[in-house]
Amino acid sequence: MTDVIRIDNLTKTYGKKRGVTDLSLAVKEGEIFGFIGPNGAGKSTTIRSMLGFLNFEKGKIEILGKDSVKEHTSILKEVGYMPSEALFYPAMKVSEVIKFAADARGLDCREEAAMLCERLNLDTGKRIKELSLGNRKKVSIVCAMQHKPKLFIFDEPSSGLDPLMQNTFFELIKEYVAKGATCFLSTHVLSEVSRYCDRAAIMREGRLIKVDKVDNLTESTTKRVKVTADGAHEDYLYNGDVNELIKKLAGKNLQNLYIEEPSLEDMFMHFYEGKEEK
Amino acid sequence: MITVCKHELKLSFKTLLIWSLSVGLLGLVCILLYTSMEGDMADMADMFSNMGAFSDAFGMSTLSIATLGGFFATEVGTVHGLGSAMFAAILAAVVLSKEEDGHTGEFLYSLPVSRGGAVTAKCLSVLINLVAFTVICGALYVLGFVMLGEEVLWKEILTFLGRMLLMNVEIASVALIISAASSRNRLGAGLGLALIFYAYDLIGRVVPDLKGYLFIGPFSFANASEIFSGKAAPTGSIVLGLIVVAVSVASAYIIYLKKDLAS
């Protein structure tokens, strides 16, 4: 499979402040790729560099085999982007915003837009200033999907959407991906990554600390241990020989003991903080 | 690019109507007031033309306000000059920065629109707005002459409007730099810029030592009294104005293309 996104040694700073340092990653065609990290980890900087909003000092980004700087406009024709803040021109009607996005691409997307608006239950007659965050997010989804792009880039897409709409949104992604699209999903919501993504990358302080299949990220020797012994409750990640753990616990008066596979949330905390582990 | 330009024109349509009708109708009312003030004007014209620097500043030393042409140049000339300069400055000072200020930049620039293309489209929309403003105001002024049954001074009015348009373009181009460099709307800075240019011209005409430097300001070649009295624009002022436009627009392009867009 070809690389739809290829980032090599990307470095972006904001004056003396860190943005992203020496980031390299590749996203394969047809996959849903999760991009995880806490606030300030460099996720948005990476996305904004990919889309040409930021000028980066070092490195190279190729999207759909094209150079992100030299062939910027050509790349954007094939990309559907949904920013974390779904903000549009307040006085415009929803239908006008959707049409403007299609016109700027030189495409007639009315059929696809109508389908998306119906699935998302979006009232196109309202003005943007009358919409809630959730409804603005829906407008953003339509604008990102109506031209059936080869690559979706989503930055915190589900925030503001109710659970039903989140479900519809991810169904739509799966449908487009089944037809050959690729999805780059930056999110805080780890359950979305574990449920929908094939692979994920974890960012910390501007650096990529881990990239792997989602299954592999949760499969490791690390275990979550929940123990109630001698009247005290402990909950921690254990990385080591299970026999040693049992020996250690044998001397205690156990009321309850759970040794489980860690969740993606656990692994994220493990990679991010590394202080909960015993 | 055409889509972005049309979009910009749509967004600024109300502003254009409000400003052009306000300035144009004010000018029309001034023209229509001429007949009711004509008798008094004849008596006042001599006094107004002998007020030294004040008369020079408002062009009343070279032109009699007792004539419709003179009255138009001194009254409408000032109203149109200030009003159009403020409109041009307001429009251009926010045309680029409003995308970042309103957080719409991520939407606009995620569409296949290059930043250079967007700047071109936005500059074009400002220019079209300024031309439309001039046409609407000009039509109202001509209507005033027709309503009074006076001969329309086509040559003078067209020269006046053409020079005013060039002055507006020059002020807009300087304000465009402010817009390109800022991620917040700098409406106040734009208005301030227009007023500074106006004040520079006014002071330059009052203070004898500064007269030699008048040509630097954009109001120098758009002085209605000089146009209506057949005087040529200060030497080099129009050429300098065109150079300022070219350099300012080029600077705005460079600044905007190199900057990181705020989210």
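These exercises, each with a worked solution, concern a predicted model with chains A and B. Residues are numbered from 1 along each chain as its sequence is written, while chains are lettered from A in the order in which they are written. In this predicted model, local features need pLDDT of at least 70 and side-chain atom pairs count only at pLDDT 80 or more, whereas totals for chains, interfaces and linings use all residues.

**Exercise 1. Describe the make-up and dimensions of chain B.**

Step 1. Start with the elements, which are DSSP runs numbered from the N terminus: helices (H or I, at least four residues) and strands (E, at least two). Chain B has 10 helices and zero strands.

Step 2. Take the extent. The C-alpha atoms of chain B fill a box of roughly 65 × 40 × 25 Å along the principal axes.

Step 3. Compare with a globule. The radius of gyration is taken over C-alpha atoms, and the globule rule is 2.2 Å times the number of residues to the power 0.38. For 263 residues a compact globule would have a value near 18 Å; the 20 Å of chain B agrees with this.

Step 4. Count burial. A residue is buried if 20 or more other C-beta atoms lie within 10 Å of its own, exposed if 12 or fewer, and partly exposed in between, with C-beta atoms placed from the backbone. By this count, 47% of the 263 residues of chain B are buried.

**Exercise 2. Work out how strands E1 and E2 of chain A are arranged.**

Step 1. Find the pairing, which requires that DSSP finds at least two bridges between two strands. E1(A), residues 3-14, and E2(A), residues 17-28, run antiparallel and are joined by eight bridges.

Step 2. Locate partners. A:Asp3 has A:Lys28 as its bridge partner, and A:Lys12 stands opposite A:Val20.

Step 3. Look at the turn. The two strands form a hairpin with two residues between them, and A:Gly15 in the turn has a positive phi of about 65 degrees.

Step 4. The order is E2-E1-E4-E5 in chain A, an open sheet of four strands with antiparallel pairing. E2 and E5 (66-67) are the edge strands, each pairing on one side only.

**Exercise 3. Which residues of helix H4 of chain A are buried, and how are they placed?**

Step 1. List them. In H4(A), residues 110-120, the buried residues are A:Ala113, A:Leu116, A:Cys117 and A:Leu120.

Step 2. Look down the axis. These residues fall within an arc of 100 degrees, so they line one face of the helix; the arc is that of the directions from the helix axis to the C-beta atoms.

Step 3. Check the other side. There A:Glu111 and A:Glu118 are exposed.

Step 4. Identify the cover. H3, H5 (133-145) and H6 (163-178) of chain A are among the elements covering the buried residues of H4(A).

**Exercise 4. Describe the contact between chains A and B.**

Step 1. Count. Two residues are in contact if their C-beta atoms, placed from the backbone, lie within 7 Å. On this basis 21 residues of chain A are in contact with 19 residues of chain B.

Step 2. Assign elements. H1 (43-50), H2 (72-77) and H3 (94-104) of chain A each supply at least two residues of the side that touches chain B.

Step 3. Sort by class. Ala, Val, Leu, Ile, Met, Phe, Trp, Tyr, Cys and Pro count as nonpolar, Asp, Glu, Lys and Arg as charged, and the others, Gly among them, as polar. This side of chain A has 12 nonpolar, four polar and five charged residues.
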